Amino acid sequence: MTPDEYCQQKAAASGSSFYYSFLFLPPERRRAITALYAFCREVDDVVDECADAQLARTKLGWWRLEIGKLFQSAPSHPVTKALQPFIQEFQIREKHLNEIIDGMEMDLTQTRYLDFPGLERYCYHVAGAVGLLAAGIFGYSDPRTLDYARNLGTAFQLTNIIRDVGEDARKNRIYLPMDELKKFEVPAADILQARYSANFANLMAFQARRAESYYEQAMKFLPEADRRSQRAGLIMAAIYRATLAEIEREGYRVLTQRTTLTPLRKLWLAWKTWISA
């Protein structure tokens with residue numbers, strides 16, 4: 001199996017919506033973004049699959065060393081080998097790859113966030129930094145596009161948090177700010193024990209409005225000159241915003257179900273966005 005085949009298999013196995021945003025990219029950019037996505041899956045799997053936190057830290061430490069080797073032109077893992085040809089061409093920064101690992105490490109030590117600034121920092125590391133790298137792979141000419149990419153990454157992560165409240169709670173993780181739970185009179189125990197209430201629905205509506213504000217802010221930053229090159233990100237935005245709208249229509253029943261779009265609908269949104277952007 002070649003490094004590219006390994007990354008393709010990793011991306012396909014995840015079943016993520018990101019797959020649909022890659023479909024229409026030119027081959028070289030598709031190879032690069034697939035390798036980046038495979039890297040994100042690798043380091044995320046370390047945290048999700050290691051019950052021993054110390055072992056997970058050791059594995060993430062190995063990935064830090066591997067990133068260093070990548071930028072010394074001596075990678076050993078299929079994912080970093082697949083990324084290597086694109087380091088210069090698509091402005092892949094060592095700093096941003098390590099910031100993603102920083103975000104994964106946060107999951108080893110933190111299962112609650114006191115307020116939104118703390119959560120926003122987490123969102124930047126696990127998604128905003130990815131957005132910055134992706135923007136370089138897709139191509140841009142205006143530096144404002146990086147502000148678009150960072151905000152869009154945060155919007156994606158906030159959408160994930162809303163969608164996965166119940167799933168995360170079963171791992172004893174709550175990615176909703178504690179001060180906002182208090183404001184909406186939702187005890188953490190209600191989330192951990194999947195007790196739905198009107199207060200919880202109001203809390204989630206507030207979170208959804210925040211996510212939408214990040215989508216809107218991202219779109220304001222995207223210059224018209226870079227809109228076509230950034231179509232893959234716009235496809236993801238269309239899919240994620242449609243998912244958020246479905247969650248709202250279902251009354252934020254995220255404690256006991258995980259809302260997803262059908263593959264056919266995702267493909268339709270991808271094609272429609274690619275044609276119209």
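This is a predicted model: local features need pLDDT of at least 70, side-chain atom pairs count only at pLDDT 80 or more; totals for chains, interfaces and linings use all residues.
Biologist: How many helices and how many strands does the secondary structure comprise?

Modeller: Read along the sequence, the pattern is α-α-α-α-α-α-α-α-α-α-α-α-α-α. The secondary structure therefore comes to 14 helices and 0 strands.

Biologist: What is the radius of gyration of the chain, and what does the globule rule give for 277 residues?

Modeller: The C-alpha atoms fill a box of roughly 55 × 50 × 30 Å along the principal axes. The chain is as compact as a globular protein of that length, because its radius of gyration is close to the value from the globule rule. The two values are 18 Å for the chain and 19 Å from the rule.

Biologist: What percentage of the contacts between residues at least 6 apart in sequence join residues at least 24 apart?

Modeller: Of the 277 residues, 53% count as buried. The chain exposes about 12,700 Å², of which carbon and sulfur atoms supply 52%. Among contacts between residues at least 6 apart, the share joining residues at least 24 apart is 72%.

Biologist: Which helices do the buried residues of α4 pack against?

Modeller: Helix α4 covers residues 53-70, and its 18 residues reach 25 Å from first to last C-alpha, close to the expected 26 Å. Its buried residues are A56, L60, W63, E66, I67, G68 and L70. They pack against α3 (27-49), α5 (78-83) and α6 (94-109).

Biologist: Is S73 buried or exposed?

Modeller: S73 is found in the loop between α4 and α5. Its phi is near 65°, a positive value in a residue other than glycine. Most residues other than glycine have a negative phi. Since the relative accessible area of S73 is 56%, and the cut-off is over 50%, S73 is classed as exposed.

Biologist: Where does N172 lie, and what is its relative accessibility?

Modeller: N172 also has a positive phi, near 60°, in a residue other than glycine. The residue lies in the loop between α9 (165-169) and α10 (178-183). N172 counts as partly exposed because its relative accessibility is 40%.

Biologist: Why does L234 count as buried?

Modeller: L234 is placed in helix α13, which spans residues 231-249. Buried means under 20% relative accessible area. L234 therefore counts as buried, for its relative accessibility is 5%.

Biologist: Which residues does L234 touch, not counting those up to four places away in sequence?

Modeller: L234 and W274 are 40 residues apart in sequence, yet their C-alpha atoms are 8.1 Å apart in space. With residues up to four places away set aside, L234 touches Y148, M219, L222, R227, T273 and A277.

Note on methods: Residues are numbered from 1 along each chain as its sequence is written. Side-chain values use heavy atoms; hydrogens and water are left out. Helices (H or I, at least four residues) and strands (E, at least two) are DSSP runs, numbered from the N terminus. The radius of gyration is taken over C-alpha atoms; the globule rule is 2.2 Å times the number of residues to the power 0.38. Buried means under 20% relative accessible area, exposed over 50%, partly exposed in between (1.4 Å probe, protein chains only). Contact means heavy atoms within 4.5 Å. Accessible areas come from the Shrake-Rupley method with a 1.4 Å probe; for residues, only the protein chains shown count as cover. The expected span of a helix is 1.5 Å times one less than its number of residues.
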